[in-house]
Amino acid sequence: MSPSLSAVPTPITVHAPSKVNLHLGVGALRDDGYHDLTTVFQALSLGDDISVTTADELTVSTTGEGADHVPDDPTNLAARAAIELAAWAGRDPAAAITISKQIPVAGGMAGGSADAAGALVALAALWNLDVDRETLNTIAAKLGSDVPFGLHGATALGTGRGERLIPILSRGQFHWVLALAREGLSTPAVYGELDRLRATRSDDADHETPSPDDLLQALAAGEPSRVATLLHNDLQPAALSLQPTLRRTLRAGVDAGALNGVVSGSGPTCAFLCADEAAAVNVAAELSGAGVAKGVRIASGPVPGARVV
């Protein structure tokens with residue numbers, strides 16, 4: 001007699017979005033080693049798929065974009081998510097987690113955080129947990145500053161370390177071209193470089209980041225051309241200091257017809273806002289031929305946070 005098909009575990013798959021920071025203001029270094037942030041996140045269609053099945057022990061494996069650089073041990077953020085969620089539920093964290101990556105590793109687009117958010121949603125479903133969104137957000141914040149936004153998605157204002165979120169009205173779709181760098185950047189290294197640059201520039205001692213209020217108004221109005229002029233990232237000078245070739249990438253994107261470009265988060269991915277979908281296709285084609293990036297992707301936003309597919 002052939003084995004029953006129902007004996008084969010059915011994976012639960014969650015799609016988790018990447019993010020771009022339309023605005024990232026970084027405060028002074030705090031005593032605890034963190035910085036106070038004011039940031040405007042937008043979730044993008046480029047994302048990772050996280051699948052989970054029942055297993056005798058906790059395992060994690062990764063395929064796709066940059067998989068060789070993703071750990072397959074408990075330091076993987078998705079594995080840590082499993083451990084934290086299981087601890088909350090009072091159960092063993094045994095599960096097989098498989099991550100199919102499209103988000104660049106160490107690219108400033110919160111790929112690891114997206115995987116953690118996806119793992120939380122997928123495992124809550126696999127384990128039939130009665131867990132509300134507020135509890136998931138609390139667990140997510142313990143894992144990393146960007147993980148709560150991986151759950152939230154859409155467009156949001158983040159404060160604190162970026163984990164405290166307020167939803168933002170954003171009309172219409174925004175079309176992006178993403179230039180993937182040949183080498184990643186360590187987030188701590190970029191923040192460290194920012195601190196170094198500020199310490200060596202006396203004129204930056206009283207650094208003030210522009211308010212995101214005008215950006216929020218432009219998002220609510222659904223005006224890409226206005227949003228483009230308001231893109232801002234305090235970490236960009238530090239990323240450019242560590243990877244000077246990104247200056248050429250930013251110039252190439254604007255020369256190709258993008259409305260504006262910005263280093264995403266801690267970098268080194270450069271995100272270019274375009275007038276519409278057709279313009280994004282044209283900019284992507286130009287950038288692909290310019291030889292300034294390892295790869296080029298087209299994405300749109302805002303999209304929902306981590307969700308079962």
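This is a predicted model: local features need pLDDT of at least 70, side-chain atom pairs count only at pLDDT 80 or more; totals for chains, interfaces and linings use all residues.
The chain has a mean pLDDT of 93, and 95% of its residues reach 70 or more.

According to an unreviewed UniProt entry, the annotation "active site" covers Lys19 and Asp146. These two residues are spread over 128 residues of sequence, yet they cluster in space, with a largest C-alpha distance of 9.0 Å. Both Lys19 and Asp146 belong to the lining of the largest cavity.

How do the surroundings of each of these residues look in the model? Lysine 19 lies in strand β1, which spans residues 12–29, and it has a relative accessibility of 6%, so it counts as buried, because buried means under 20% relative accessible area. When neighbours within four places in sequence are left aside, the residues in contact with lysine 19 include Phe41, Gln42 and Ala43, as well as Gly108, Met109 and Ala110, and also Asp146. The side chain of lysine 19 also reaches the backbone oxygen of glycine 108, at 3.1 Å.

Aspartate 146, by contrast, is placed in a loop, the one between α3 (133–143) and α4 (147–152). Its relative accessibility is 23%, and therefore aspartate 146 counts as partly exposed. Not counting residues up to four places away in sequence, aspartate 146 touches Lys19, Phe41, Ala110 and Ser113.

Strand β1 is mostly covered, with 15 of its 18 residues buried, and it is joined by 15 bridges to strand β2 (residues 35–53), the two strands running antiparallel. Within this pairing, histidine 23 stands opposite valine 40 of β2. The hairpin of β1 and β2 has 5 residues between the strands, and in it glycine 33 takes a positive phi near 90°.

Strand β1 also pairs with other strands. With strand β12 (residues 307–308) it pairs in the antiparallel sense over 2 bridges, and here valine 14 has valine 308 as its bridge partner. With strand β8 (residues 232–233), β1 pairs in the parallel sense, again over 2 bridges, and in β8 the bridge partner of histidine 23 is histidine 232.

Conventions: Residues are numbered from 1 along each chain as its sequence is written. Side-chain values use heavy atoms; hydrogens and water are left out. UniProt positions are given in the numbering used here, feature names are shortened, and annotations may be inferred rather than shown by experiment. On a 1 Å grid over the protein atoms alone, a cavity is a set of points where a 1.4 Å probe fits but cannot get out, and a pocket is an open set with protein on both sides within 12 Å along at least five of seven lines; lining residues have an atom within 4 Å of a point. Helices (H or I, at least four residues) and strands (E, at least two) are DSSP runs, numbered from the N terminus. Buried means under 20% relative accessible area, exposed over 50%, partly exposed in between (1.4 Å probe, protein chains only). Contact means heavy atoms within 4.5 Å. A polar contact is a pair of N or O atoms within 3.5 Å; within protein, one must be able to donate a hydrogen and the other to accept it, and residues adjacent in sequence count only if both atoms are side-chain atoms. pLDDT is the predictor's confidence in each residue, from 0 to 100. Two strands pair if DSSP finds at least two bridges between them.
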